[in-house]
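Subject: Structure handover

Hi,

Here is the structure for you to pick up. Please open it first, then read the notes below.

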Amino acid sequence: MAEEKVSLSVAELRDIATRACLGCGASAATAKSLVDATLSAACHGRPEVGFPHLVDYLMSMVEGRIDGKAWPRIEHPLPAFIHSDAKGGIAQLGFDLAYEDLVKRAQTFGIALFSQRNSYTAGELGYYVRRLAADGLVSIAVANAHALMAAAVGGKPVFGTNPLAFGAPLPAPQAPLVIDQAASATAFVNIVRAAANNVAIPEGWATDQTGAVTTDPAKAVLGALLPFGGYKGANIALLVEVLSAGLSGAAWSLDAGDFRSGNRTPNVGLTVIAIAPAATDPSLAVRGADHFRRLEELGVHVPGRRSVHRADDADVIGIDARLLDGIRTFVPS
C-alpha cells in the first residue's frame with residue numbers, strides 16, 4: 001500500500017510531537033530533547049529513524065521501557081571523560097545536558113569523551129555528531145541495542161544493529177560531513193516498515209527463526225538481522241559494543257532489554273568522542289571541502305554534500321498520514 005503523505009510545518013509537527021510526549025508522561029526536558037532529535041533526523045539526517053521511531057519512544061514510555069521523568073546523573077571521573085547514568089530515560093537528554101561541557105572539554109584538552117549507560121536506544125546516531133560538527137569538532141558516536149543481529153547466517157542474535165556515526169565540519173553554507181550507518185545490512189525499522197507494507201526485503205538483510213536467509217519481512221522480524229560484509233560487519237558490531245556498552249557500564253546486547261516489548265529499560269550504552277581539529281589544523285574544514293570535491297569528481301559519494309539549512313518553524317515537512325495519525329493517538333484529548 002502506497003504511503004499517503006501530508007505536509008505540515010516544523011512548528012506544527014513540533015507541537016504535535018511535544019504534546020504526544022507529554023501525554024505519555026514525559027517531563028518537559030525529555031520532550032524537548034526527544035522532539036529536537038526527531039526533527040533533526042527528519043530535516044537533516046535519516047527520516048526513517050525520525051518520526052517513525054518516535055512512535056517506539058511513545059509506546060515505550062506508556063509501557064514502562066522509558067522513564068519519561070528520569071533525570072540523568074552526570075559525573076566526571078577524569079578531566080576529559082564525562083559519564084552519565086540516564087536512569088532509564090532517553091539517551092538524548094543526558095547528551096543535551098552534558099553538551100556544552102563536552103564541547104568545552106574537547107576544546108581545552110583536544111579530545112573529550114561522553115559515555116552513558118542505562119538508557120533507551122540512542123535514536124538517529126547522526127544527531128550527535130552533526131551537532132558537534134556545527135561547533136567545529138570532529139566526532140565519532142557509537143551505540144549498542146538489544147540483540148537483533150546474528151554474526152553470520154544460521155546464528156542466533158548476539159548484537160544490536162550497533163551503529164557508528166562520524167562527523168566533521170565543513171565551511172558554511174555546506175552541511176557537515178556525516179556518516180551514519182549500522183553494523184547490520186539495514187536498520188531494524190526498515191524491516192518493520194517492509195512488514196507493515198507487505199513488501200519483500202532484499203536477500204542478505206535478515207534470516208528467519210530457523211536461521212535461513214529470508215526475503216519475507218514478517219519472518220525477518222521474528223528472526224535476526226545480518227551484518228553488512230559478513231564477518232567484517234560483525235567485527236564492527238563488536239567494536240561498537242566494547243566502546244558503547246563496555247566503556248559506559250551498560251548492558252551487553254545479549255543482556256539488554258527489548259526496545260519494543262517488556263516494561264524494563266533496555267539499559268544500552270552510548271559513547272561520543274569529540275576531537276578539536278584546531279589543535280593541529282585550523283584549516284581542516286576548508287581542506288576537507290577541497291578534498292571531498294576532488295573525490296566527487298572521481299565518482300565518490302561523499303555524505304552531506306548539500307547546502308546547510310536550519311529548519312525554521314515555517315518550513316514544511318512531508319509525513320506519512322498513517323504515521324501522523326499514530327502519533328496523534330498519544331496526544332491527550
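Leucine 22 is a place to start: its relative accessible area is 43%, so the residue counts as partly exposed. Bear in mind throughout that this is a predicted model.

Leucine 22 belongs to helix 1. Its contacts, leaving aside neighbours within four places in sequence, are Ser27, Ala28 and Ala31. Proline 332 is 310 residues away from leucine 22 in sequence. In space, the two C-alpha atoms are 8.7 Å apart.

Helix packing

Helix 1 covers residues 10-23, and helix 3 covers residues 51-63. Their axes come within 10 Å and cross at roughly 20 degrees. Angles under 35 degrees count as roughly parallel, so helix 1 is roughly parallel to helix 3. Which residues meet there? On the helix 1 side they are Leu13, Ala17, Ala20 and Cys21. On the helix 3 side they are Phe51, Leu54, Leu58 and Met61.

Salt bridges

The whole structure holds 14 salt bridges.

Take aspartate 180 and arginine 46. Their side chains meet in a salt bridge at 3.7 Å, N to O. The pair links distant parts of the chain, 134 residues apart. Aspartate 180 sits in strand 9 (residues 177-181). Arginine 46 sits in the loop between helix 2 (28-44) and helix 3. Arginine 46 has 23%, so it is partly exposed. The cut-off for buried is under 20%.

Next, glutamate 124 and arginine 130. Their closest N and O atoms are 2.5 Å apart, and the two form a salt bridge. Glutamate 124 is buried, at 5% relative accessible area. Arginine 130 is buried too, at 12%.

Arginine 130 lies in helix 5 (residues 126-134). What else does arginine 130 touch, not counting residues up to four places away in sequence? The list is Ser40, Ala41, His44, Gly45, Glu124, Pro176 and Val178. Glu124 in that list is also the salt-bridge partner of arginine 130.

Arginine 293 is partly exposed, with a relative accessible area of 37%. Aspartate 290 counts as partly exposed as well, at 39%.

Surface patch

Which residues make the nonpolar surface patch? They are Leu238, Val242 and Trp252, and the patch is about 280 Å². Leucine 238 lies in helix 8 (residues 231-248). Its relative accessible area is 43%, so leucine 238 is partly exposed.

To recap, for a quick look in the viewer:

- Helix 1 and helix 3, with axes that come within 10 Å.
- Aspartate 180 and arginine 46, a salt bridge that links distant parts of the chain.
- Glutamate 124 and arginine 130, a salt bridge with both partners buried.
- Leu238, Val242 and Trp252, the nonpolar surface patch.

Best wishes

Technical notes
Residues numbered from 1 in each chain as written. Predicted model: local features only at pLDDT ≥ 70, side-chain atom pairs only at ≥ 80, totals over all residues. Heavy atoms only, no water. Patch = residues over 30% accessible without salt bridge, like charges linked within 9 Å, V, L, I, M, F, W, Y side chains within 5 Å. Areas by Shrake-Rupley, 256 points an atom, 1.4 Å probe, with all protein chains shown as cover. Salt bridge = Lys/Arg side-chain N within 4 Å of Asp/Glu carboxyl O. Helix = DSSP H or I, 4+ residues; strand = E, 2+ residues; numbered from the N terminus. Buried < 20%, exposed > 50% of the residue type's maximum accessible area, 1.4 Å probe, protein only. Axes fitted to C-alpha atoms, helices over the stretch in contact; angles between N-to-C directions. Parallel < 35°, antiparallel > 145°, perpendicular 65-115°, else oblique. Contact = heavy atoms within 4.5 Å.
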